[in-house]
Amino acid sequence: MKLTLTPPLKPSHWMSATDLLANSTVPLTGNHDADVVIIGGGFVGLWTAMTIKELEPDARVMVLEQHVCGGGASGRNGGFVMSWWPKIGTLRGFCNEEQALFLGNKAEQAITELGEFCKRHGINAHFQQSGWLWTATTSQHIDTWNGTLAACERLGVQPFERLDAKEVAQRTGSAVHLAGVFERSNATVQPALLVEGMRRVALTMGVEIHEGTGVSDIEPGQPALVKTAQANLRARSVVLAVNAWAATIPALAKLIVPVNSSIVTTDAMPQRLADIGWTGGEAITDSQLMVDYYRTTRDGRIAFGKGTGALSFGSKIGEVFSEDAASLALTEADLRRTYPMLGKASIAAQWSGPIDRTYDSLPVFGRLNAHHNIHYGIGWSGNGVGPSRLGGRILASLALGRADAWSNCPLVERNCRTFPPEPIRYWGGSLVRNAVIRKERSELAGAAPAALDRFLASLAPAGLEDKA
């Protein structure tokens, strides 16, 4: 099985605050034997490696990363640490009540566990557990969360509390927010600092990490043979933790499609944030399908992101997922619309990144082409910072051949709606994306979207939350 290597993405603002690029580990050379080889040095790969070492301390675990740890989605996302309660309706579509509660509770617990992990290991990842505001910025979006709240109540949990228009506008610092609900458990982090800390902890646990070591080929077998430009590894188990790059693997391409998400950050302006009243540190999203997501940073910046949904032909990981001018323009425009009182506040940094989107926006785990010792975990769909902890547990159990609650959870080998092949994937996806843009622009302007745009938009994959 051939793997496609790609040039490095432009470093994000978050990465510039770390030593990840300056202090990368050495590339692997020579011939080696390992118990588990993990391909990908982001959140999923590092959590998987550390979990394996916790379960089997003597196992030889190697992480191979083609660039640097965090150089992909893990070091360039918005830093939202979220649960799966907003997706509880989707979970109930393929889980029974007990299974849905297990995954919902574990995803919520993972948020607090992340804070404890950072504290225990002295990781200054700017972890702040100030909750998440899910808001409506158009009249059409008010109460679209009612189905999700009802699904939670049927399971006996109440992670959300309703806010009136006055409170949500006050807490967000912007009157464009008309209503909202609040999930208290959620947090924010500086994601690249988190990766840097995780890499350090993994190394101290005995995980072998080799950056600048792109995998070009995997030959199935027992053991599997993993090939790089300068090394060959015989591995008892292989884990693919490659996020959107999995779309270049034919057997996995049908499960995900890489879509653009872009972020702009302002100059530091703590006094202006205080003046508008956004001082609580909450993470915020609106209810657009092309979601706006935004938070403040420790030094008083706004980091404002938008899932623009831009595609590349053949799912190639290139410029559209590094620094896409059109997507960045959409993102800045929504920042200015949401916070017009900030005037022409300067943009200090901007970048784009890939999201490995599944049709229902939940991840999927399984065996590659039925090979019992090659596993994958993909499809984080823009919510991987917190749930990647659970993904590490699932993949560790699969790689070690353990039969437990993680390897047997419903996310493993589940039946997913798949994406079409090229050229339908790109041209059809772009047609739907453009309809979503027109529909949501109409709604923001207070106008009724065209019927054709409503129909085409209904064909889009599910969003970050389940909305009525």
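Guide: What follows is a set of questions and answers on rings, charges and contacts. This is a predicted model, in which local features need pLDDT of at least 70 and side-chain atom pairs count only at pLDDT 80 or more, while totals for chains, interfaces and linings use all residues. Residues are numbered from 1 along each chain as its sequence is written, and side-chain values use heavy atoms, with hydrogens and water left out.

Visitor: Which kind of aromatic pair do Trp132 and Phe160 form?

Guide: Rings of Phe, Tyr and Trp (its six-membered ring) pair if their centres lie within 6.5 Å, and planes under 30 degrees apart count as stacked, over 60 as edge-to-face and the rest as tilted. For Trp132 and Phe160 the centres are 6.4 Å apart and the planes stand at 65°. Trp132 lies in strand S4 and Phe160 in strand S5, so the pair ties together parts that are 28 residues apart in sequence (strands are DSSP E runs of at least two residues, helices H or I runs of at least four, both numbered from the N terminus). By the angle of its planes, the pair is edge-to-face.

Visitor: How are the rings of Tyr294 and Phe304 arranged?

Guide: Tyr294 belongs to strand S14 and Phe304 to strand S15, so their pairing ties together parts that are 10 residues apart in sequence. Both residues are buried. Because the ring centres are 4.6 Å apart and the planes are at 15°, the pair is stacked.

Visitor: Which residue has its charged end over the ring of Tyr359?

Guide: A charge sits over a ring if NZ of Lys or CZ of Arg is within 6 Å of the ring centre and within 35 degrees of the ring normal. Over the face of Phe182, for instance, lies Arg171, at 4.3 Å from the ring centre. For Tyr359 the distance to the ring centre is 4.1 Å, and the residue is Arg417.

Visitor: Which residue forms a salt bridge with Arg438?

Guide: A salt bridge is a side-chain nitrogen of Lys or Arg within 4 Å of a carboxyl oxygen of Asp or Glu, and a search of the whole structure finds 25 of them. For Arg438, the closest N and O atoms are 2.8 Å from each other in its bridge with Asp453. Arg438 is in helix H11 and its partner in helix H12, so the bridge ties together parts that are 15 residues apart in sequence.

Visitor: How far apart in space are Leu330 and Thr308, C-alpha to C-alpha?

Guide: Leu330 lies in helix H9 and is buried, with a relative accessible area of 19%. Leaving aside neighbours within four places in sequence, Leu330 has contacts (heavy atoms within 4.5 Å) that include Thr308 and Ile437. Although Leu330 and Thr308 are 22 residues apart in sequence, their C-alpha atoms are separated by 7.6 Å.

Note on methods
Buried < 20%, exposed > 50% of the residue type's maximum accessible area, 1.4 Å probe, protein only.
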